[in-house]
Amino acid sequence: MEFASEKKREILSSIARNDGHGEHSPYFDGWKAYDRNPFHPTQNPDGVIQLGLAENQLSFDLIEEWIKNNPTASICTPAGVGKFKDVANFQDYHGLTKFRQAVAKFMGRVRRGKATFDPNRVVMSGGATGASETLIFCLADPGDAFLVPSPYYPAFDRDIRWRTGVRLIPVPCNSSNNFQVTLAQMESAYTKAIEANINVKGVILTNPSNPLGTTLSKETLTSLLSFTFKKNLHMVCDEIYSATVFNSPAFTSISEVMQETECNPDLVHIIYSLSKDLGLPGFRVGIIYSYNDQVVNCARKMSSFGLVSSQSQHLLASMLSDEVFVEKFLEESSRRLAKRHSRFVEGLKHEGIHCLEGNAGLFFWMDLHHLLKEPTHDAEMELWRVIIKDVKLNVSPGSSFHCMEPGFFRVCFANMDDHTVEVALKRIKELVSKGNGSGDAKKHGRKRNLSLNFTSRKCDESLMSPHQRMSPHSPVPQSPLVRART
Amino acid sequence: MRLLLSGKAKCNSHGQDSPYFHGWQEYEKNPYDQTWNPKGIIQMGLAENHALVQFMAEIRGNKVSFDPSKIVLTAGATSANETIIFCLAEAGDAILIPTPYYPGFDRDLKWRTGADIVPIHCASSNGFKITACALQQAYQEAQNRNLKVKGVLITNPSNPLGTTMTRAELDLLMEFIVEKQIHLVSDEIYSGTVFSSPNYTSTMEVLSKYEKAEVWDSVHVVYSLSKDFGLPGFRVGAIYSNNDWVIATATKMSSFGLVSSQTQYFLSSLLSDKKFTKNFISENKKRLKKQHALLVSGLWNAGISCLESNAGLFCWVDMRHLLSSNTFEAEMELWQKIVYDVKLNISPGSSCHCSEPGWFRMCFACMTEEALEVAIRRIKACVESVSGGRDKVLSRQRCTNMNSGKKSFSSWVFRVPIHDREAGMVLRGPDPNYRRSHHDQVEAT
């Protein structure tokens with residue numbers, strides 16, 4: 001049986017056989033634990049709470065209301081079906097003109113008018129996942145490398161590297177300066193790479209940062225842009241959380257900094273998506289925006305591998321062109337994110353748990369290093385298994401983000417209702433109080449090396465099975481479309 | 001000066017310099033419209049199901065059942081084809097494909113995967129069917145080029161031929177892949193467009209006879225809703241495979257091109273309505289058959305024959321007799337005249353890697369009946385200007401039965417010389433059932 005299985009595997013490509021997909025990471029294992037035992041307030045109150053999925057589910061009502069009021073935007077309503085034929089037939093990889101125009105306008109609005117975007121540079125792709133991969137296919141060859149500040153989004157290991165053969169070189173950041181990447185760190189990583197004969201093609205920044213939930217300062221962006229210009233490197237900025245900034249400092253985009261700093265526009269590229277800002281990950285709207293004409297042309301051809309459904313383009317073109325709606329949505333979404341973030345972070349603070357001060361994103365960076373048996377990644381994983389299995393919270397361990405310092409966890413806060421937040425906080429309170437030696441220790445907030453007395457079971461091997469078919473993008477089981485039978 | 005972009009960005013392996021795409025660009029600049037631009041270029045290069053955009057029908061109408069856990073959804077067949085090749089092959093590997101084939105394969109299968117395509121040459125002498133000899137020759141050619149053959153990819157029904165594969169061909173392919181221990185990928189995106197006999201035989205149907213053998217894991221199907229339902233904009237593709245490693249890998253790769261959930265939701269509702277889907281498939285086929293017959297008879301009247309076909313959204317048209325010489329240069333010359341002077345966007349056979357000059361793909365399902373009539377009139381005028389009346393007669397004579405010595409306007413089905421007759425190819429005239437209303441002087445055989 002095992003031999004037959006191996007035979008089946010041998011006839012595949014090396015990409016299919018290797019682990020470059022990165023799905024054995026604890027980042028995804030936690031999701032699998034959730035999928036098997038999902039929390040529900042009434043049907044499964046002891047289930048695992050999903051705190052590992054960075055989705056923006058706080059403002060759906062605004063979008064639903066808009067859809068109800070704009071039936072022509074949907075081709076499935078009596079009011080909109082007249083457009084069905086044209087939309088269904090439309091497969092031009094330039095995308096609907098009004099869609100590109102609406103996206104360009106929206107991107108400008110998110111940047112408070114400090115930068116304007118040319119619709120002819122807007123290139124579609126299959127979500128930010130598709131956008132990241134496609135852009136790298138355009139910029140680099142197998143063996144080339146990109147520098148990326150860590151901690152960084154785990155799926156970059158798959159998106160940037162897997163099928164492209166390109167390498168990622170982490171630029172480790174640490175808590176001493178709130179994990180802000182510095183020019184010195186970047187230069188040092190670059191020099192080491194060059195000395196090791198690695199062909200560095202560029203830098204990838206995520207701004208606002210995932211997992212930190214912070215924005216990069218204008219000064220940092222300026223210095224990094226100058227650095228890439230001097231070294232003739234690409235500057236790739238993943239700005240998919242740009243409209244989730246809910247507190248100061250305000251968001252500064254690379255598109256603004258470019259206007260004030262000497263640079264080569266041919267080297268500057270933005271990855272965007274509507275999945276986080278609008279909370280529509282299912283619609284798979286990824287955007288590559290490049291200031292390099294050749295990259296735009298090449299990426300557009302490659303977009304054939306992941307075009308946005310014309311049905312979704314049509315709906316979103318209409319929605320994003322509605323300036324009144326966009327204004328209201330951005331403001332209200334920010335307000336709700338701020339409120340939710342505050343509730344969660346304050347609740348944790350009350351338990352002596354501190355988080356990195358964040359102003360953006362759908363998550364915060366939680367510091368649990370004082371709960372580790374010892375300051376090691378093994379201890380972090382042990383604590384993580386306890387949190388998943390016993391406390392039943394799916395949080396993401398810092399090591400899965402390539403964080404050098406053990407003890408940090410990413411906690412998502414925008415993908416649940418208020419009640420679930422309270423349940424999660426209650427469980428964390430229980431976790432902390434069980435780990436506490438004494439109430440005094442908690443009161444004074446001293447760091448301590450605790451020996452946690454939980455059962456710390458080995459991670460269920462079946463969670464790591466390569467045959468797991470769950471998509472990392474959705475905790476929802478198979479698409480209803482799959483159930484169609486011949 | 002450091003090179004800024006990847007090799008992929010700088011090279012032409014995206015394949016878009018092919019005339020296949022140039023014709024589209026010309027169409028985009030000057031598209032035909034019955035009212036406001038009657039002299040514009042008519043789009044016959046796009047294989048879309050223009051004739052029917054109603055609700056959806058039953059997926060295939062064949063006798064196989066599919067396991068839903070073995071399907072991976074992708075953003076269109078373009079993504080499905082690339083993904084399956086990423087799973088099966090890489091640089092240094094080759095996929096064998098019968099010619100002529102869909103030009104987009106050069107991009108979809110080779111560009112980012114690094115794999116190569118080696119053609120299985122098919123000839124008009126036997127209706128472009130795959131032969132054992134052609135398969136072996138292709139395999140050998142790959143080896144001569146130091147390429148490791150990983151599989152065969154077929155399109156069934158065929159694009160651009162518009163024919164369904166015979167059982168004999170499918171059996172031959174199965175034997176071949178078993179012998180060579182390689183994969184078979186069957187692109188079945190036109191499976192719902194089979195509008196006349198012979199009935200469609202799907203690869204999975206033939207596979208069922210090999211149930212216990214290892215080959216079960218080596219056969220994979222690509223599907224899409226773009227052609228059968230005329231919804232190319234929705235980007236709905238799928239890979240189906242019994243090989244769970246392929247499914248696991250393809251699932252992971254599908255992250256790069258998932259189907260919009262908005263579209264999935266809509267289509268699952270549509271596909272679940274069995275009454276609707278059954279009716280759609282049946283009605284769609286009727287309309288395709290009618291449109292196909294219109295084109296075939298119109299071409300026949302202009303002295304042009306087509307490969308007999310029973311599926312797809314296009315005809316494989318024989319214009320060899322209109323070439324100034326039996327060369328691909330002459331084919332391009334004729335093609336340019338057709339696109340720029342006659343203003344019809346059709347696809348030259350060379351862009352489909354056909355080994356014989358003079359064949360063209362013409363789509364009939366992406367326009368109204370009126371536009372098709374205009375197209376046919378233009379073609380007739382073109383033929384007359386290119387070859388004159390005399391050559392039109394000569395081309396007809398070439399197709400008549402050598403034994404009869406008599407040309408008859410009432411004899412609509414002509415047999416080719418004996419050696420081709422055995423292969424069963426018929427150069428087809430119009431189906432009389434559809435021509436009676438237009439040309440009363442035509443009599444059925």
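**Notes on the model**

1. Ile338(B) counts as buried, at 4% relative accessibility (buried means under 20% relative accessible area, exposed over 50%, partly exposed in between, with a 1.4 Å probe and protein chains only). Ile338(B) sits in helix α11 (residues 328–342) of chain B; helices (H or I, at least four residues) and strands (E, at least two) are DSSP runs, numbered from the N terminus.

2. The model is predicted: local features need pLDDT of at least 70, side-chain atom pairs count only at pLDDT 80 or more, and totals for chains, interfaces and linings use all residues. Residues are numbered from 1 along each chain as its sequence is written, chains are lettered from A and ligands numbered from 1 in the order in which they are written, and side-chain values use heavy atoms, with hydrogens and water left out.

3. Arg378(B) is 40 residues from Ile338(B) in sequence, with a C-alpha to C-alpha distance of 9.1 Å.

4. Chain B has 14 helices and 15 strands. Of its 445 residues, 64% count as buried. Among contacts in chain B with a separation of 6 or more, 76% are between residues 24 or more positions apart.

5. In chain A, Gln311(A) belongs to helix α13 (residues 310–321). Gln311(A) is buried, with a relative accessible area of 2%. With neighbours within four places in sequence left aside, its contacts are Ile75(A), Cys76(A) and Val87(A), together with Phe234(B), Gln262(B), Thr263(B) and Phe266(B) of chain B.

6. Chain A is divided into domain 1 (14–55 + 362–463) and domain 2 (73–322); the bounds come from an automatic or database domain assignment. The contact between them takes 22 residues from domain 1 of chain A and 25 residues from domain 2 of chain A. The C-alpha centres of the two domains lie 29 Å apart.

7. Domain 1 and domain 2 of chain A bury about 2000 Å² between them, 66% of it on carbon and sulfur atoms (buried area is the accessible area, 1.4 Å probe, that two parts lose on being put together, summed over both). On the domain 1 side, α3 (26–36), β10 (363–367) and β13 (408–412) of chain A each supply at least two residues. The largest share, three residues, comes from β10(A).

Definitions and conventions: Contact = heavy atoms within 4.5 Å.
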